[in-house]
Amino acid sequence: MTANSNVLIKVENLVMHFPIYRGVIRRQVGAVHAVDGVSFDIRQGETLGLVGESGCGKSTTGRTILQLYKPTDGNVYFKDTNLVKLRQEPMRLMRREMQMIFQDPYASLNPRMTVRDIVGEPLLAFGEASGKEIDDRVKELLHMVQLNPDYSGRYPHEFSGGQRQRIGLARALALNPSFIVCDEPISALDVSIQAQVVNLLEALQEKLNLTYLFIAHDLSMVRHISNRVAVMYLGIIVELADRNDLFAHPMHPYTQALLSAIPVADPVYNEKRRRVILEGDVPSPVNPPSGCRFRTRCPIADAFCAEKTPEWREVRPGHFAACHKI
Amino acid sequence: MAEQLLEVKNLETHFNTPEGIVHAVNGVSFHLSEGETLGVVGESGCGKSVTMLSCLRLIPSPPGKIVAGQALFKGDDLLKMEPEEIRHVRGGQISMVFQDPMTSLNPVMTIGKQMAEPLMLHLNMTKEQARNRSIELLGLVGIPNAGDRLNDYPHQYSGGMRQRVMIAMALSCNPQILIADEPTTALDVTIQAQIVELVKHLRQELGMAIIWITHDLGVVANLADRVMVMYGGYIIEEANVYELYANPRHPYTLGLIGSLPQIHEDVHKKLFSIEGMPPVLYQTPNLCPFAPRCKWVTERCWKENPALEAVSDGHRVACWVDTRNGSK
């Protein structure tokens with residue numbers, strides 16, 4: 001994988017709050033603080049892994065970058081264009097450059113459309129091709145994701161989970177995008193199929209010079225596929241570093257706990273390792289804790305952590321974290 | 001050999017579907033000793049859940065049918081019991097925790113009521129006794145304020161807490177065997193680690209035997225004494241946990257372990273992947289069910305299905321090829 005330092009996506013202080021309405025006159029009584037000020041870059045040709053527990057805002061971050069939600073605040077730059085400021089039509093045209101693959105291969109394909117129609121739809125929507133050209137392009141795309149091109153007349157239910165995920169990938173590739181948000185693309189698949197899809201994603205990245213934002217909760221897979229990894233907790237990024245650096249020297253107590261919770265397929269290693277077991281559950285994002293958000297479950301938190309929000313800073317070159325105790 | 005707590009012999013389960021008879025479990029034999037933890041590993045559709053559900057006669061029938069076999073629980077065949085008898089075993093002496101904590105609790109009953117049900121049924125407790133025991137059990141699985149929380153409904157609990165409630169319910173009648181069917185698959189890693197630690201702790205305290213069904217080789221490595229790998233309705237490899245991870249022999253086991261990214265990996269390697277996908281068996285195969293995906297495949301594999309045979313003490317493999325050196 002070639003990762004140079006040309007920034008493709010720049011996210012600045014992205015905030016996404018979902019309002020909560022109550023009562024007859026639907027007054028706003030609060031907001032779900034799904035994403036609460038995250039900033040990071042994604043470089044051309046790299047894979048940035050985004051990990052965290054369910055409800056931490058990682059999928060919302062991915063969707064907000066693509067402007068599938070209108071962000072509450074913040075900027076998202078794609079090359080030099082600020083996507084947040086774009087009007088509808090220029091944004092629509094911009095979508096050719098950025099695509100998404102979804103978690104659930106059963107829900108993300110229309111069961112009443114054939115594979116040819118599903119994969120060809122983006123081409124039709126942007127007027128890139130018509131008739132016979134679409135057929136040819138669809139066959140080429142299916143070949144690219146290692147599906148038999150003769151299957152283009154079939155319906156999604158005739159395929160297995162892994163094959164459906166390939167169809168979703170073919171659809172995402174139809175318009176030659178440069179950036180793909182992969183939202184937990186493998187978590188619904190069996191172990192042996194996961195490896196197939198991950199190998200395919202890597203091969204395509206190399207061939208087409210793609211940039212990925214890889215969202216997942218499986219840390220070992222994220223380590224495998226990513227160049228850099230960002231760890232999210234309750235709407236904010238708590239740590240971001242090069243993958244080897246992050247896994248070898250995690251600095252934030254949440255990252256440390258998360259890493260120690262990974263089940264490792266090695267009984268001998270398991271007996272030796274020190275595990276940090278976190279107490280309790282993730283707090284509600286409607287009322288996030290004051291100060292440091294992780295303090296309610298943090299093994300080393302003290303009174304100061306409740307008062308002051310820790311600053312996001314570069315602890316070592318290229319290794320960012322937000323914690324008072326570092 | 002001393003009498004086993006549970007001994008399953010040649011279990012076969014079929015499902016009648018419009019496409020034909022699916023052979024979900026094909027002559028599976030295994031045993032479970034007292035206080036032992038057995039991990040059952042395999043991908044979806046390999047028959048691991050159906051095997052355990054068959055033992056407890058929880059297979060919906062029709063379409064499911066247990067065609068042959070025995071499941072001896074302390075010498076009595078569970079498959080031959082009267083419905084009344086097996087109801088006493090289920091939930092009492094053998095209990096089960098299911099995968100999805102969201103759907104296995106009744107959403108319109110309070111947690112307290114659901115927990116009291118098995119206690120009043122199996123142990124003939126009064127309402128008052130059942131309530132006190134429930135509070136004790138919730139405390140045991142680490143739910144704070146148990147007394148108040150009994151009046152809550154399942155939606156007021158988080159996923160991890162619901163799974164704790166399920167475990168508390170399964171433990172409520174002091175079972176001798178706890179069957180856990182992918183109990184942590186729907187949970188986040190940090191919560192999964194909490195549940196695994198909890199089960200280890202409870203196992204020490206209560207001394208029950210556990211059958212832990214999962215597709216996650218990592219969780220099993222951390223918990224089980226012995227591991228059984230299933231594929232296409234057969235057990236294809238079985239060994240002590242250290243032996244299995246140190247010397248996996250069956251090509252499928254090798255593939256499964258190889259397709260996991262290594263957490264200690266520093267250099268980037270391509271993942272080993274098993275091509276193709278698991279089979280649906282419409283007939284008892286006269287070939288090795290893994291042959292179409294196997295890279296060690298030989299001519300014999302297409303003609304005969306290998307039986308499970310011991311390769312060393314306690315390590316059994318069903319394969320014609322010795323994957324250590326490729327000899328037949």
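Which residues of α4(A) are buried? In this predicted model, the buried residues of that helix are Ile134(A), Val138(A), Leu141(A) and Leu142(A). Seen down the axis of α4(A), these buried residues fall within an arc of 100 degrees, so they line one face of the helix.

**Helix α4 of chain A**

- Helix α4 of chain A runs over residues 132-144, which makes 13 residues, and the distance from its first C-alpha to its last is 18 Å, close to the 18 Å expected at 1.5 Å a residue.
- Just after α4(A) comes Gln146(A), whose phi is positive, at about 60 degrees.

**Chain B as a whole**

- Chain B contains 10 helices and 12 strands, and its C-alpha atoms fill a box of roughly 65 × 55 × 45 Å, taken along the principal axes.
- A compact globule of 328 residues would have a radius of gyration near 20 Å, and the value of 21 Å for chain B agrees with this.
- Of the 328 residues of chain B, 46% count as buried.
- If one takes the contacts in chain B between residues at least 6 apart in sequence, 64% of them join residues at least 24 apart.

**A sheet in chain B**

- Strands of a sheet pair through backbone hydrogen bonds, and the pairing can be either parallel or antiparallel.
- In chain B, an open sheet of 4 strands has the order β2-β1-β4-β5, with antiparallel pairing.
- The strands β2 (20-32) and β5 (76-77) of chain B stand at the edges and each have a single partner strand, so one side of each is left without a neighbour in the sheet.
- Strand β1 of chain B, residues 6-17, pairs with β2(B) in the antiparallel sense over 10 bridges, and Asn26(B), in β2(B), is the bridge partner of Glu12(B).

**The contact between chains A and B**

- The contact takes 35 residues from chain A and 36 residues from chain B.
- On the side of chain A that touches chain B, the elements that give two or more residues are α6 (191-208), α7 (219-225), α9 (253-260) and α10 (267-272) of chain A, and α6(A) gives the most, with 8 residues.
- The residues on this side of chain A divide into 17 nonpolar, 12 polar and 6 charged.

Definitions and conventions. Residues are numbered from 1 along each chain as its sequence is written. Chains are lettered from A and ligands numbered from 1 in the order in which they are written. This is a predicted model: local features need pLDDT of at least 70, side-chain atom pairs count only at pLDDT 80 or more; totals for chains, interfaces and linings use all residues. The expected span of a helix is 1.5 Å times one less than its number of residues. A residue is buried if 20 or more other C-beta atoms lie within 10 Å of its own, exposed if 12 or fewer, and partly exposed in between; C-beta atoms are placed from the backbone. The arc is that of the directions from the helix axis to the C-beta atoms. The radius of gyration is taken over C-alpha atoms; the globule rule is 2.2 Å times the number of residues to the power 0.38. Two residues are in contact if their C-beta atoms, placed from the backbone, lie within 7 Å. Ala, Val, Leu, Ile, Met, Phe, Trp, Tyr, Cys and Pro count as nonpolar, Asp, Glu, Lys and Arg as charged, and the others, Gly among them, as polar. Two strands pair if DSSP finds at least two bridges between them.
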